[in-house]
Amino acid sequence: MPAFKKNRLFLALTVTVFLAGCAVGPDYARPTSTLPEQHKEATATAQAVAPVNAEWWTLFNDATLNQLVQQTLAANQDLQAAIARLEASEAAAREAGAELYPAIGLAANGSRNRTSGETFSGQKIGSGTYNNNRAALSLSYELDLWGRIRRSNEAARAEALASRFGRDSIQLALIGQLVNEYLSLRSNEAQLEVTRQTLASRQESLEIVQARLDAGSASGLELAQAESQLNAAQGQWSQFKRLRALSENQIGLLSGQPGLKIASASLEQLPLPPTPPTGLPSSLLEARPDVRQAEEKLIAANARIGVAKAAYFPTIGLTGLYGSESAALSNLFTGSAGIWTAAIGLTMPIFDAGRTGARVDQATAAQAENIANYRKTLQTAFREVNDAIVNLHEFANEEAAFAAQVDASKRAFNLAQKRYESGYSGYSDLLDTQRTLNTAQLLYLASRKNRLGASVDLFK
């Protein structure tokens, strides 16, 4: 081969390899963070240094809760739908990746044909009947010189990862919702127990007032007040009973078990899980599934700019065919029956009235929107962590204060009851201490539930 032809071939191969290694459009770079380096409340709240347990709900040491979470992961329909979306996205990513490789097909056909003797050519050669049999392999391949296929593949992979993190986000949210609903159920049970004790106390007070009224040492006003307080406690009982039933129904829906019945247990037996260590950098938020989902969507939007820009450049395709064709089936695979074709094609836009430019602008705007969504997701995650840390700290203080109030209210109630029975104070004093004790007990249980819920939010 002459030297100049060798040089031209070498130059063509070099240019082709160079172009095949480039891809138009911006390469992805993570946006700069707008978050502080650490959470502002991180040093004020930690109770123990502990790593984040992937199965954090097990730290409540509740076998019923653990079983409910496992059932939710297996049977919740929202999670099953997310898994189906993930499978569809992964299949779409495989489809996009297949474009990087040649497509090879096999075609075979046989036909029997008769030509007309009345056409222009038929009047010269006459009519005829003949067979035609054909079998051939075909090949088609697009040279991805500008990276259109690679950018499409990049976008599809990012969308698949976004679906995976979307599934993880739904799973995390479902578990958090289930645990919080379970805490609400246990809190309602505890409030029912407090109300039962209140009912017994007020029933006893009503009997005492009735006895004093019969003896002439109490008034009808005191009896009416005692009856009113007893009725209020009965209404409170119905309210907490209703709320517990609603929580049980919601847990049944989340865990895919309609009609679920949950045995009663104590709220106070649930331990407060250890919190993550102090001083954790805010950059750890980037590991949250919702944040990673937002970033993968941004990566996909960034890659689609390259897909849109590739339309400015020529599309080069290779096609080929190799096989046999014969009138007689017995001669189909003889040497003279062989057929082949090889072709290269090029298409390039000349004028499209700005259509390609408009698509590039759309893709660029979509990228800007996803950058904003990514930063907003980070900022929301940062706020949620700060809220959980503040809540965990302040609910702990609140719980301690209400626990002290319960102790003091019990002492005040016991003293007021003795003073009333001895005739040293009026019934209004006893009523006040009864109401104060009931309120303090309910507030204590609510703060306990809120404190446990804040630990759930922090783990999420």
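Helices (H or I, at least four residues) and strands (E, at least two) are taken here as DSSP runs, numbered from the N terminus. On that basis, Ala 353 is found in the loop between β4 and α8. The structure is a predicted model, in which local features need pLDDT of at least 70 and side-chain atom pairs count only at pLDDT 80 or more, while totals for chains, interfaces and linings use all residues. Residues are numbered from 1 along each chain as its sequence is written, and side-chain values use heavy atoms, with hydrogens and water left out.

**Loop residues with positive phi**

Ala 353 has a phi near 60 degrees, a positive value in a residue other than glycine. Burial is described by relative accessible area: buried means under 20%, exposed over 50%, and partly exposed in between (1.4 Å probe, protein chains only). Ala 353 counts as exposed because its relative accessibility is 62%. Asn 61, in the loop between α1 and α2, also is not a glycine and has a positive phi of about 55 degrees. With 64% relative accessibility, Asn 61 is exposed. A glycine with positive phi, near 85 degrees, is Gly 216, which follows α5.

**Aromatic pairs**

Rings of Phe, Tyr and Trp (its six-membered ring) pair if their centres lie within 6.5 Å; planes under 30 degrees apart count as stacked, over 60 as edge-to-face and the rest as tilted. The whole structure holds 4 aromatic pairs by this search. One of them joins Trp 56 and Trp 57 in an edge-to-face arrangement, with 5.8 Å centre to centre and 80 degrees between the planes. Trp 56 and Phe 459 are stacked, because their ring centres are 5.8 Å apart and their planes lie at 10 degrees. This second pair links distant parts of the chain: Trp 56 belongs to the loop between α1 (3-20) and α2 (63-75), whereas Phe 459 belongs to helix α9 (residues 427-459), 403 residues apart. Trp 56, Trp 57 and Phe 459 form one aromatic cluster.

The accessibility of several residues discussed in this report is listed below.

| Residue | Relative accessible area | Class |
|---|---|---|
| Trp 56 | 3% | buried |
| Trp 57 | 5% | buried |
| Phe 459 | 11% | buried |
| Val 456 | 0% | buried |
| Asn 370 | 15% | buried |
| Trp 237 | 30% | partly exposed |

A charge sits over a ring if NZ of Lys or CZ of Arg is within 6 Å of the ring centre and within 35 degrees of the ring normal. Arg 212 lies over the face of Tyr 420 in this way, at 4.6 Å from the ring centre.

**Nonpolar cores**

A nonpolar core is a set of buried Ala, Val, Leu, Ile, Met, Phe, Trp, Tyr and Cys residues joined through side-chain atoms within 4.5 Å. The largest such core has 33 residues, of which Trp 56, Phe 60, Leu 68, Val 179 and Ile 251 touch the most other members. At least two residues of this core come from each of α2, α5, α6 (220-254), α8 (355-422) and α9. Helix α5 supplies the largest share, 10 residues. Apart from this core lies another, of 16 residues, among them Tyr 374, Leu 378, Ala 388 and Leu 392.

**Contacts of selected residues**

Contact means heavy atoms within 4.5 Å; residues up to four places away in sequence are not counted for Val 179, which touches Trp 56, Trp 57, Phe 60, Leu 65 and Val 456. Val 456 lies in helix α9. Leaving aside neighbours within four places in sequence, Val 456 is in contact with Trp 56, Phe 60, Gly 176, Val 179, Asn 180 and Leu 183. The C-alpha atoms of Val 456 and Leu 272 are separated by 9.8 Å, although these residues are 184 residues apart along the chain.

Trp 237 belongs to helix α6. Not counting residues up to four places away, Trp 237 touches Leu 192, Thr 195, Arg 196 and Leu 199. Asn 370, in helix α8, touches Lys 297, Leu 298 and Ala 301 under the exclusion of residues up to four places away in sequence.

Two strands pair if DSSP finds at least two bridges between them. Strand β3 (residues 315-326) and β4 pair in the antiparallel sense over 10 bridges. Thr 315 has Thr 347 as its bridge partner in β4. Strand β4 (residues 338-347) is hardly covered, with 0 buried residues among its 10.
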